[in-house]
Amino acid sequence: INAAGTSISTFSDVSVVTAPKITLSPSDTATYEGSEDLALFVCNATGHPSPGFRWYFSTDKINWSMVDNSSSELVVYKPTKAQEGWYRCSAFINNLEDYSEAAFLTITG
């Protein structure tokens, strides 16, 4: 309290979000149908806080279906001919999202 009156102070909590940005897109790969080999796709991104990742599959690069949302790596175990196609990842923070270039999985055999 002073001659000007009473002052009230409040604190604010500021959270800074930096949009995700893909820094590593997956690469094309090939493997044999039903083999013990696997196909591995890797994606990476920057952002704050650290982004989450989603993986998408398409046979035509137009219609995409989410196939995984657990990490920046996608493993296709014992691949089948039905899994041949395009794969891409997205990095997301809240409603902000960035997509990688698509990579093609070739299944032979």
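Student: Is Phe57 buried or exposed, and what is its relative accessible area?

Tutor: This is a predicted model, and every value we discuss is computed from it. Buried means under 20% relative accessible area, so the value for Phe57 has to be compared with that cut-off. Phe57 falls on the buried side, with a relative accessible area of 16%.

Student: How is the ring of Phe57 placed against the ring of Tyr87: stacked, edge-to-face or tilted?

Tutor: A pair of aromatic rings is described by the distance of the centres and the angle of the planes. Planes under 30 degrees apart count as stacked and those over 60 as edge-to-face, with the rest called tilted. For Phe57 and Tyr87 the centres are 5.0 Å apart and the planes stand at 55°, so the pair is tilted.

Student: Which residue forms a stacked aromatic pair with Tyr87?

Tutor: Searching the whole structure gives five aromatic pairs. One of them has its ring centres 4.9 Å apart and an angle of 25° between the planes, and it is a stacked pair that joins Tyr87 to Phe41. Since Phe41 is in strand β3 and Tyr87 in strand β8, this pair ties together parts that are 46 residues apart in sequence. Both partners are buried, and the residue you asked for is Phe41.

Student: How many residues does the largest nonpolar core have?

Tutor: The residues with the most contacts inside this core are Ile22, Phe41, Cys43, Trp55, Tyr87 and Leu105. Strands β3, β5, β7, β8 and β10 each supply at least two of the core residues. The number of residues in the core is 16.

Student: Which salt-bridge partner does Glu36 have?

Tutor: Side chains of opposite charge can pair when their charged atoms come close. Here the N to O distance is 3.6 Å, which is within the 4 Å that a salt bridge requires. Glu36 lies in the loop between β2 and β3, and its partner lies in the loop between β7 and β8, so parts that are 42 residues apart in sequence are tied together. Glu36 is exposed at 65% relative accessible area, and its partner is Lys78.

Student: Which strand holds the partner of Arg54 in its salt bridge?

Tutor: The side chain of Arg54 meets that of Glu97, with an N to O distance of 3.1 Å. Arg54 is partly exposed at 23% relative accessibility, and Glu97 is partly exposed at 34%. Because Arg54 lies in strand β5, the pair ties it to a part 43 residues away in sequence, and Glu97 lies in strand β9.

Student: Which strand gives the largest share of the nonpolar surface patch?

Tutor: The patch covers about 460 Å² and is made by Leu24, Leu38, Leu40, Val42 and Tyr77. Leu24 comes from strand β1 and is partly exposed, with a relative accessible area of 40%. The largest share, three residues, comes from strand β3.

Terms used
Residues are numbered from 1 along each chain as its sequence is written. This is a predicted model: local features need pLDDT of at least 70, side-chain atom pairs count only at pLDDT 80 or more; totals for chains, interfaces and linings use all residues. Side-chain values use heavy atoms; hydrogens and water are left out. Patches are made of residues with over 30% relative accessible area and no salt bridge: like charges are joined within 9 Å, nonpolar side chains (Val, Leu, Ile, Met, Phe, Trp, Tyr) within 5 Å. Accessible areas come from the Shrake-Rupley method with a 1.4 Å probe; for residues, only the protein chains shown count as cover. Helices (H or I, at least four residues) and strands (E, at least two) are DSSP runs, numbered from the N terminus. Buried means under 20% relative accessible area, exposed over 50%, partly exposed in between (1.4 Å probe, protein chains only). A nonpolar core is a set of buried Ala, Val, Leu, Ile, Met, Phe, Trp, Tyr and Cys residues joined through side-chain atoms within 4.5 Å. Rings of Phe, Tyr and Trp (its six-membered ring) pair if their centres lie within 6.5 Å; planes under 30 degrees apart count as stacked, over 60 as edge-to-face and the rest as tilted.
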